[in-house]
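Please load the model in a viewer and keep a selection panel at hand. The stops below follow one another, each with something to select and something to inspect.

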Amino acid sequence: MRARTSWEVVCTVEDLVPESGVAVWTEDGPVAVFYLPHRLPALFAISHTDPFTGKNVLARGITGDLKGQPIVASPLYKQHFNLQTGQCLEDEEVTVKTYPVLLDGNNVRVEIPAVNKESAAA
Amino acid sequence: MSKKTLIVIGNGMVGHHFLEQLVATPAAADFDIKVFGEEKLLAYDRVHLSDYFGGSTHADLAMGTADWYAENHIDLRLGEQVTGIDRDKRTITTLMGDYSYDELVLATGSYPFVPPIKGNEHPHCLVYRTLEDLDSIRASADGVKTGVVVGGGLLGLEAANALKSLGLEAHVVEFAPRLMPVQLDSDGGALLKRKIEELGVQVHTEKATTEIVEGEDARLRMNFSDDTHLETDLIVFSAGIRPQDALARSSDLAMGERGGIVINDQCTTSDPHIHAIGECALWSEKIFGLVAPGYTMARTLASVLNGDTEAAFTGADMSTKLKLLGVDVGSIGDAHATTPGARNIRFNDEQAGHYRRMVISEDGKKLLGAILVGDNSHYDTLLQYALNGIELPENPETLILPESQGGAPTLGPDALPETASICSCHNVSKGDICGVIDAGCTDLAGVKAETKASTGCGGCAALLKNVVDRELEKRGVEVSKDLCEHFPYSRQDLFNIVKVNGIRTFRTLIREHGKGHGCDICKPAVASILATCWNEHILATDHVPLQDTNDTFMANMQKNGTYSIVPRIPGGEITPDKLIVLGEVAKEYNLYTKITGGQRVDLFGATLSELPEIWEKLIAAGFETGHAYGKSLRTVKSCVGSTWCRYGVQDSVGMAITLENRYKGLRAPHKVKMAVSGCTRECAEAQSKDFGVIATENGWNLYVCGNGGMRPRHGDLFATDLSDEELIRTIDRVVMFYVRTADRLQRTSVWMENLEGGLDYLKQVVLEDSLGIGEELEQHMADLVDTYQCEWKTAVEDPEKRKRFREFVNAPSKKDPVQEWTTERYQRRPLLEGEPA
């Protein structure tokens, strides 16, 4: 059975910055939403927390692509993360959490796992 | 086993080099090392002595530091003269007492020969050898007009240059019929004389001075044997050197007939426990008055003491390449064709002022020697032919003819054998260079660091680069200049593409000249290029996503994700009112406060959303952004200068403020630092900056391409006694040339070291405008200065730009929960990992 989830509205299109990221606060904590208008899909959401330092900074990294993968570079120590899979390019044992994200009219929605929602509410 | 004692008498260039070589061997552990130096100063570079009048200090010229001696456990006793050696007891005596030795090294050097001319004891008769001598010359030259150098050799012409740089009308008096009689022939000497006279130094050859008497119009009069005379205010004797061998003589070591301590191939004297190296030593009836052979002896002796039974000094190449008063002079091997059967080929262009002579063997196959005056560009090739016995081409004259007359291009690195000496200062062969490349070095900088090649006189820089490039190429190491996978161009290429095609956005550039979407390497580099070319606001919509986080938020991200703020404080000058505002703002936002090395104030711990509020307050108090976050001008540090300081000779604060306001905001390949000192005491530490300005009585001396940080480098003296306008124009040109041609994240120091032709080339481009781009560079800089804006002022006034500073775009009041704080020394700081709250 599929776990219950919710599609949370995190911001509007006007809040997004083309070719860059913004940070939003969700039921699951801080999430970075990236808008790369020249790609398909154009929206990506990953955890805002840099796994190497535990600091909430990933939305402030530089985006781009390396060997065809869409990436963001951590602004602290410059490791690269695949925006689709969350995989760190420099350390195969490190990944960041990724979230499904979609555009609903003018709203950006991120899918938040229900389990976490409950534990966050508890 | 108890340690043996090694005593070195003399702390000059060769003595110091010997110690450097010795401590690199295992033998260093066997010895307690004591060094006695008669001068009070640590060994310094006598080859560049005349730089002392160009603004260099003892520290610039010093070969090592007191710390180096301490780290290597060498007991250095400067100013303690050795008065005797007791060979039986194996002790030496100084004014302080007796010291025993097991091995003794004499590196006492030489002293200047003063010809026995009546009147030579006059207080304004001086010599040119030590920094103390130079201080005496400077004192004697104060307020007078004319100076004479007796001796037209290499050192004499150096001394004439020194007199000229002191502002004296300089004369050279030479006994022989030509200048540099040892190195040059009559045609070469005549051309050198003409060129030097064009530079304002008067040359008198074939003059024998009979006496020195009181002058009528000047302090002194020199009477010559041909009944002519010359009036002058001071005389510098530079008529050759004599070995400083008095100690050896008084202890009955074997001596040469005309002086010099006799040594064998192992640099050992007639006493097996006493060794001699450098200009005090006589090897095979020869004294070597150049530093390179002294270094070779030093290396040989270090190997001998390390137990190497093969080590031997087998003579040295006396070829020289120099710039005397700005004139190229080169002399190689048997320049006077003394080899039986030797033949000559001469090229003499009196119009251009170029003279070249080749001395070739009887069979026409080998180059024995050469003389060059006016242009040394053929020197490296000729030296390689001579040193390595490379067979000459069929028409050897092509080696010295101009290319327009059928001259051959210079010798390619492939033609050199493995044994070819590339750097004679540090004895690095082509084989050594290949060795470190095979061991993993993949660039010029790495080869220089490993082998020390080209770090002595630097004369081999161009040749070294050719050899390294060629060897890397042969090994298939692609010397890739590509910026990253998105652009197959170097930063310099991209700069030109942007400029020429008028490209204003990253998107256009990557679509037309690159591939993919970009990355954290190319985006900030292109942002910097766009900023330099068009100077649009860094937060303009198209540019925002290109910037590193520091540029995006115009503050410096710290390890906990908060930011620090550095307002501009030009020249470090700040009013009490503004200082109070900084304190009030810091207090309000609980910001950790620290004074920076660049004479400003850094405020730490601001969150993203606090940044615009804080800047609103700072801007209202008259502050501007300090660009501490950008690859751009940081600060112009200054000392207090002539306004307050008893020693200051110019208004260093005023100049620092002018420079800082002129160059603020300019985007560059890397950060740029400047400083201005108000006198030669150099309190602003200008020589460690990219651009260092030091006040003189007559204006400003400019140093360029200095660097602090991980790889410190003193700036090179670039131009002297500049007026305010000249100074600014010169800096404009160098800065702009750097911005246009440097690689990404390349500081000025590395940029200059990698410029083909180095400092001389940079001088040609900037001071002589050899590329004809001087005005264009100035105009470009003027445009940038005119379009300057305070990025923070523009940002706080624009609601759209302010939106970027929301920590969480959907929760404006939400504070980042991971920032944890503690208090230390009365200020807030981030909690470290694992530290209890």
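**The interface**

Begin where the chains meet: two salt bridges link chain A and chain B, a salt bridge being a side-chain nitrogen of Lys or Arg within 4 Å of a carboxyl oxygen of Asp or Glu. Select Asp15(A) and Arg806(B), whose side chains form a salt bridge with an N to O distance of 3.0 Å.

Before going further, note that this is a predicted model, in which local features need pLDDT of at least 70 and side-chain atom pairs count only at pLDDT 80 or more, while totals for chains, interfaces and linings use all residues. Residues are numbered from 1 along each chain as its sequence is written, chains are lettered from A and ligands numbered from 1 in the order in which they are written, and side-chain values use heavy atoms, with hydrogens and water left out.

Now widen the selection to the whole contact, which takes 35 residues from chain A and 36 residues from chain B; contact means heavy atoms within 4.5 Å. The area buried between the two chains is about 2900 Å², with carbon and sulfur atoms giving 54% of that area. Buried area here is the accessible area (1.4 Å probe) that two parts lose on being put together, summed over both. On the chain A side, pick out Trp25(A), Arg60(A) and Ile62(A): these lose the most area to chain B, together 28% of what that side buries.

**Chain A**

Chain A has one helix and 10 strands, and its elements, from the N terminus on, run β-β-β-β-β-β-β-β-β-β-α. Helices (H or I, at least four residues) and strands (E, at least two) are DSSP runs, numbered from the N terminus. Of its 122 residues, 55% count as buried, where buried means under 20% relative accessible area, exposed over 50%, and partly exposed in between (1.4 Å probe, protein chains only).

Next, select the open sheet of three strands in the order β5-β6-β7 of chain A, with antiparallel pairing; two strands pair if DSSP finds at least two bridges between them. Its edge strands are β5 (62-66) and β7 (80-82) of chain A, each pairing on one side only. Strand β6 (residues 69-73) of chain A is joined to β7(A) by three bridges. To see one bridge, display Ala73(A) with its partner in β7(A), His80(A).

**A buried histidine in chain B**

Move to chain B and centre on His16(B), in helix α1 (residues 13-23) of chain B. Is this residue buried or exposed? At 2% relative accessibility, His16(B) counts as buried. Leaving aside neighbours within four places in sequence, the contacts of His16(B) are Asn11(B), Ala43(B), Met63(B), Gly64(B), Trp68(B) and Tyr69(B).

**Salt bridges within chain B**

Select Glu39(B) and Arg46(B), whose side chains meet in a salt bridge (3.1 Å, N to O). Glu39(B) counts as partly exposed, at 22% relative accessibility.

Then go to Glu279(B) and Arg129(B), which form a salt bridge at 3.2 Å, N to O. This pair links parts 150 residues apart: Glu279(B) is in the loop between β19 (274-276) and β20 (281-283) of chain B, and Arg129(B) in the loop between β9 (125-127) and α4 (131-141) of chain B. Glu279(B) and Arg129(B) are buried.

Another pair to display is Arg667(B) and Glu791(B), with the closest N and O atoms 2.9 Å apart in a salt bridge. Both Arg667(B) and Glu791(B) are buried. Finally, select Asp438(B), Glu471(B), Lys474(B) and Arg475(B), which salt bridges with shared partners join into one network.

**Helix α10 of chain B**

Just after α10(B), inspect Gly440(B), which takes a positive phi of about 125°.

**A second sheet**

End at the open sheet of four strands in chain B, ordered β28-β29-β31-β30 with antiparallel pairing. Its edge strands are β28 (556-557) and β30 (592-595) of chain B. Four bridges join β30(B) to strand β31 (residues 601-606) of chain B, and Lys594(B) has Asp602(B) as its bridge partner in β31(B).
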